[in-house]
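Please look over the sequence and the model shown here before reading on.

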Amino acid sequence: MRAARLIRMVLLLQSRPLMTAAQLAAELGVSERTITRDAQALSEAGVPVYADRGRSGGYRLVGGYRTGLTGLAQGEAEALFLSGLPGALREMGLADAASAARLKVSAALVPSLRDTPDAVARRFHLDAPGWFREPRTPELLPLFAEAVWGDRLVSAAYRPPSAAGEDRDAGPRAAPGEEGPGDVTRELAPYGLVLKAGVWYLCAAVTAAQDDAFRVYRIDRFRSAELLEERFRRDESFALPEFWEERAAQFARSLLRYEVTLRLTEAGAARLPHATDRGAAEEALATAPPPDAEGRVTARLAMESEEVALGQLLPLGPDAEVLAPPALRARLTAAARGLAELYGPDAGGASSGGAADGLRG
């Protein structure tokens with residue numbers, strides 16, 4: 001442990017002209033007293049670490065000292081390609097490898113380029129998780145990450161969403177191609193990992209399947225997994241970005257099974273893509289007939305469900321009239337009546353019970 005820390009300390013000093021004891025302690029996760037002892041140990045070993053005293057002092061390497069310990073190990077090189085996703089690196093157990101890789105690259109750069117990674121990090125950041133949802137790291141994610149990197153087979157038990165009894169608020173539902181109801185155990189060839197809106201997915205092939213199709217699994221639905229010694233031969237024609245884009249599009253289309261007929265004002269048509277699924281709204285407007293005599297457009301819109309339609313169309317108010325289905329129109333009518341009672345001139349304020357009943361529809 002100490003030897004690795006001493007190497008990291010040398011690499012840090014090689015990548016920066018001067019570092020205080022506090023800065024080194026923060027980088028290495030030790031106390032300033034430990035930094036003092038480590039600097040003395042390096043000096044005794046022949047590494048020219050020099051301590052500048054005073055308020056603006058710190059530690060530096062003298063005499064143009066350069067270490068040859070800048071070769072990247074395989075794990076460090078792999079982690080370096082993900083260095084723009086610090087949260088994902090932590091979740092996959094690669095944070096330490098990425099830190100070591102960045103140090104080695106920084107130490108190998110000429111002085112004028114050493115501050116470039118820090119300058120980029122100050123200006124650009126990728127925040128993958130969605131709003132209003134606390135991201136949870138799946139316990140088995142590091143195991144699947146190791147399998148993906150090493151082309152290792154995995155034996156895993158999986159619980160599909162239908163068997164888990166999850167509701168709409170539990171997060172993104174399963175993508176097409178996930179296994180059917182009930183716990184299933186499969187031997188999988190893990191091809192890739194995808195982080196979508198804070199949720200981790202595994203793209204894998206089932207070794208016993210006859211169709212050679214790739215499937216998508218949510219990592220947090222795996223009940224157990226075992227990393228096997230056997231490796232699989234990767235299909236070089238498989239391209240993760242293209243596969244995911246196609247599968248995500250299929251998934252989005254599969255959700256839109258509820259059709260609504262709308263009569264929209266010009267303002268309603270303009271707001272529709274912002275209120276509901278943009279692709280479905282644009283398709284509905286593009287295939288709609290010309291406006292009627294009142295300038296309203298009648299469009300057929302694919303939506304996820306009656307409940308989703310109620311929540312997304314109600315904010316459009318009088319700019320979107322639902323013509324069908326009748327059940328949705330009735331719920332919107334009740335909601336509109338409740339709003340009128342709540343905000344009308346004879347409304348009794350927050351204590352009015354009729355408004356609440358109307359909104360519950």
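Val-260 stands opposite Leu-301 in strand 9. The model is predicted: local features require pLDDT of at least 70 and side-chain atom pairs pLDDT 80 or more, while totals for chains, interfaces and linings use all residues. Residues are numbered from 1 along each chain as its sequence is written, and side-chain values use heavy atoms, with hydrogens and water left out.

- Three strands make up an open, antiparallel sheet in the order 9-8-10 (strands are DSSP runs of E, at least two residues, and helices runs of H or I, at least four, numbered from the N terminus).
- Strand 9 (297-303) and strand 10 (320-324) are at the edges with a single partner strand each, so one side of each has no neighbour in the sheet.
- From one strand to the next, the twist averages 35° (axes are lines fitted to C-alpha atoms, for helices over the stretch in contact, and angles between N-to-C directions run from 0 to 180 degrees).
- Seven antiparallel bridges pair strand 8 (residues 258-264) with strand 9; pairing requires at least two bridges found by DSSP.

**Packed helices**
- Helix 12 (residues 278-286) lies across strand 8 and strand 9, at about 150° to strand 9.
- Helix 14 (residues 326-343) packs on the sheet and touches strand 8 and strand 10, where contact means heavy atoms within 4.5 Å; its direction makes about 140° with that of strand 10.

**Whole protein**
- The secondary structure comprises 15 helices and ten strands.
- Of the 361 residues, 37% are buried, meaning under 20% relative accessible area (1.4 Å probe, protein chains only).

Notes:
Buried < 20%, exposed > 50% of the residue type's maximum accessible area, 1.4 Å probe, protein only.
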